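These notes are meant to be read beside the model, one point at a time. Please keep the sequence and the 3D view open.

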Amino acid sequence: MTYILWIFGSTVLFSVQFLFKKLFQKGEGSSAGIAIMSSLLSTVFAILLLVARGKTAFEFSWFSFAIASLHALRAVTMSFMSIKVLEKANLSVFSLFSQIGGTLLPFVFAIIFYGENLTWQKSVCMALLIVAMYCDMSGRRKGKSGDEKKKGSAVFWCMGVFLLNGLSGVFAKIHQSAPDAIAVSSSAYTMLEKIISLVLSSLLMVYFIRRGESVKLKYPVSSVFYIGAGAVLNTIANLILLMALEHVDASVQYPIVTGGIIVLSLLLEPISGSRPKKYTAIAAAISLVGLIFLAL
């Protein structure tokens, strides 16, 4: 029960982090250079947090390095995708796609490859989450405003976020299920992933600067605050999930995170300056029902 409460706590942290990401995008835009700047600064803040904890001893294994490298590549790409989605869609749409992807992929992966028990509650929960995503996509197609049409379709970027956030849970499950003889601790794994992300983001930053891409922040004080606060919350939340994965099935953990974040993001939407659409609210309600089934 303690780990379940930890998981619920992580959903709150993730939801507020998404809000900071939306506020950053509204102020700075969604250019490639700005997206990479966001990724670079987020990684720096995350590393500073891990160092400040004083509990992250440097550990290394080639297995952890390989998984952390894949995770880092995913994280940097996710930063760019997230900024593009938030340019074309609101916070609740972003959270809907990212979190359903973050549930569906590790859910199926854990059951197929790790033999986690498939109960009727889990099945109903996942079916409702898929229905929720379909409702939101259908509503967006029917309810597009003139401004949204000018921005272009968000479906490609939403599906990118769906896939990339799902891979995060898959990589976490692979690493946390590995024997201690070949895998480092949760904190060390997170640090390794952040260091690799820092290297990748730095290389991309140099590339964009040489291309003449603008990486200058319009509102440096508020934007750095949003990036820093979001990075700290995201790092803490992911550490919680990594530790909980050693005690709670992925097919239970990730649906809890998904349902909670979708609902909380809908409630936080007005703070970002936009109003959630009716179909997104319906999708969030369906997701909440799915979460209730999981708790039965």
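Is Y114 buried, partly exposed or exposed? Y114 is partly exposed, with a relative accessible area of 35%; buried means under 20%, exposed over 50%, and partly exposed in between (1.4 Å probe, protein chains only).

1. Basis. This is a predicted model, in which local features need pLDDT of at least 70, side-chain atom pairs count only at pLDDT 80 or more, and totals for chains, interfaces and linings use all residues. Residues are numbered from 1 along each chain as its sequence is written, and side-chain values use heavy atoms, with hydrogens and water left out.

2. Aromatic pairs. The structure holds 11 aromatic pairs. Rings of Phe, Tyr and Trp (its six-membered ring) pair if their centres lie within 6.5 Å; planes under 30 degrees apart count as stacked, over 60 as edge-to-face and the rest as tilted. F20 and Y226 have ring centres 6.0 Å apart and planes at 25 degrees, so this pair is stacked. Because F20 lies in helix α1 (residues 2-28) and Y226 in helix α9 (residues 220-244), the pair ties together parts that are 206 residues apart in sequence. Helices here are DSSP runs (H or I, at least four residues), numbered from the N terminus. F20 is buried at 15% relative accessible area, while Y226 is partly exposed at 21%. Ring pairs also link F20, F225 and Y226 into a cluster.

3. Around Y114. The rings of F109 and Y114 have centres 5.8 Å apart and planes at 55 degrees, so the pair is tilted. F109 counts as buried, at 18% relative accessibility. The charged end of K173 sits over the ring of Y114, 5.2 Å from its centre; for this, NZ of Lys or CZ of Arg must be within 6 Å of the ring centre and within 35 degrees of the ring normal.

4. S251. Which helix holds S251? S251 is found in helix α10 (residues 250-268), and is buried with a relative accessible area of 0%. Its side chain makes polar contacts with the side chains of E116 (2.6 Å) and K122 (2.7 Å). A polar contact is a pair of N or O atoms within 3.5 Å; within protein, one must be able to donate a hydrogen and the other to accept it, and residues adjacent in sequence count only if both atoms are side-chain atoms.

5. Cysteines. A search of the whole structure finds zero disulfides (pairs of cysteine sulfur atoms within 2.5 Å). C125 is buried at 1% relative accessible area, and C158 counts as buried at 1%.

Methods
Helix = DSSP H or I, 4+ residues; strand = E, 2+ residues; numbered from the N terminus.
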